[in-house]
Amino acid sequence: SYAPSVKMLCANITDKEGCPVLDRSVVLEPLPGVRVGVTAVLGPEAWDVTPTHLRENLLYSDYVSAAVSSANHLRLEERCDVIVCLSHTGVNKAFNDRSLAATGAFDIIFSGHEHHEEVLPELPIIRPPFSTDSPTSLPRLSLLSQGLGNGMGVCWARLRLSAATAMCDGEDVMNGCGRWSVVGHESGMTAMDASIDVLEPGCEPEVVHLLEGYRSRFEGIRNEVIGQCPELLQGPDDDRPAAFVAKGSPLHMAFCGAFELEVRSRLFTPEEAAALGPGVVLVNRNMCQTGACMRAGPITVGAINDALPFHNTLMALQVRGSYLLAIIEWTKTKLCSSNFIFTRGVGFQIALSGNKPIPDDLSISEEIAKCSLNGEQEAGWLAGKGPIEASDVRIHGSPLEEATWYSCLTDEYVIGTLLAGLPERRGGVREIRKLDGPSPASVVVDFVRRHGVLKKDDVP
């Protein structure tokens, strides 16, 4: 409501000539004489999974450098008293917003990208390390909000300001070149199923009205019943990945069946779809939210969105058998991680060296604790048990042929990020068609609306 003309902020996305294509920052005045500067950046992982058609003719630059540059502009040229960053980067990734907070350039960073469910009592302060090369003359408050996943809540902060007393360019200022300084704060998280009144006192009526309206629309959409689930569809057991890789989870099987029917109907004519024959589906374990399941009974839009929170572009392509074999070899090395691949329509056996079976109830958490630091985990070893082997690879019951091309459905994150480093991809992929726009969750929602039911697909 303070900047109705601003549609989108992002300081580190430009055109190919380096010119801004979105607003880099905006200055708000929530109170007379108080200037709040806001900028926004996109993290590298979020950029990598942005649909390709949205990235055309755009360049990505380092998010920390871009954010600090915007902060300096807001501090020095716009004379802002409070500086805020909205970042789609996450707080626990290899590149993360803790690094951004540690610059001391911001009073508050509201972080996104990760899907946290824990409602914290207050936002932590990230103290920047002392450095004579600090990008700002004085470190600011540096509150860091990790965010809440799936629209389940609101992160907030309330700052107390006082007339500034420090000096900058001959003017009375603090924390840069504004006229007010932050002398105290309160912060926290509010779940959307809790009363917004906890933000009172001092929360503006416009903000309360906005949040209440959002919650009403949010709950109305989430609670719509669109079909039935005949039985419990359990997601993967994080502690039994050997069983998951070999057999999948009922929830993954159900979603993959919906994906294949929906994507084929949207990207191919009936004649083209019939000519494709049985296909394979490649999805990663983290396609589904941790702990996700679909309970027997009515299915709501919210239940599907909770289980499939990631907006990855679905795609149909053809893959050579040799590439599928490389993917299986790759995924067997990832049993101690969370992002191994589930292959629907591709049957194979995984076992220890000497064809010793891996028990379905193997506790992978115990194996992770045993793994040494000598690379056993990445090399496909289980600690003290030897290497893992994959054998008897079949496509819909027939032996895999390395020179044969197979119809495949996957998403851009799997093929473009997780498997991007496989050398077999060169010459192993062709005829790519992308379903740009719809998210995996919306595809499943449409499937359930049409068919009225979601059940485990029986393809091995």
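Helix α13 is followed by Gly-452, a residue whose phi is positive, near 75°; helices here are DSSP runs of H or I of at least four residues and strands are runs of E of at least two, both numbered from the N terminus. The model is predicted, with local features requiring pLDDT of at least 70 and side-chain atom pairs counting only at pLDDT 80 or more, whereas totals for chains, interfaces and linings use all residues. Residues are numbered from 1 along each chain as its sequence is written, and side-chain values use heavy atoms, with hydrogens and water left out.

The protein has 13 helices and 25 strands, and buried residues make up 49% of its 460 residues, where buried denotes under 20% relative accessible area, exposed over 50% and partly exposed in between, with a 1.4 Å probe and protein chains only.

The twelve residues of α13 (residues 440–451) should span 16 Å at 1.5 Å a residue, and the end C-alpha atoms are 17 Å apart, which agrees; the expected span is 1.5 Å times one less than the number of residues. The buried residues of α13 are Pro-440, Ala-441, Val-443, Val-444, Val-445, Phe-447 and Val-448, and these pack against β12 (225–229), α7 (250–267), β16 (297–300), α9 (301–307), β17 (314–320) and β25 (429–435).

In the largest nonpolar core, which has 35 residues, those touching the most other members are Phe-255, Phe-259, Met-294, Ile-304, Leu-308, Val-444 and Leu-454; such a core is a set of buried Ala, Val, Leu, Ile, Met, Phe, Trp, Tyr and Cys residues joined through side-chain atoms within 4.5 Å. At least two residues of this core come from each of β12, α7, β14 (280–284), α9, β17 and α13, and α7 gives the most, with eight residues. When neighbours within four places in sequence are left aside, the contacts of Phe-259 (heavy atoms within 4.5 Å) are Arg-264, Met-287, Leu-308, Leu-314, Leu-409, Pro-440, Val-443 and Val-444. A second, separate core of 24 residues includes Val-319, Ile-328, Val-393 and Val-429.

Strand β17 is largely enclosed by the rest of the structure, because six of its seven residues are buried. Seven bridges join β17 to the antiparallel strand β24 (residues 405–411), with Ala-316 standing opposite Leu-409, and five bridges join β17 to β25, again in an antiparallel arrangement; strands pair if DSSP finds at least two bridges between them. Val-319 has Val-429 of β25 as its bridge partner, and both residues are included in the second core.
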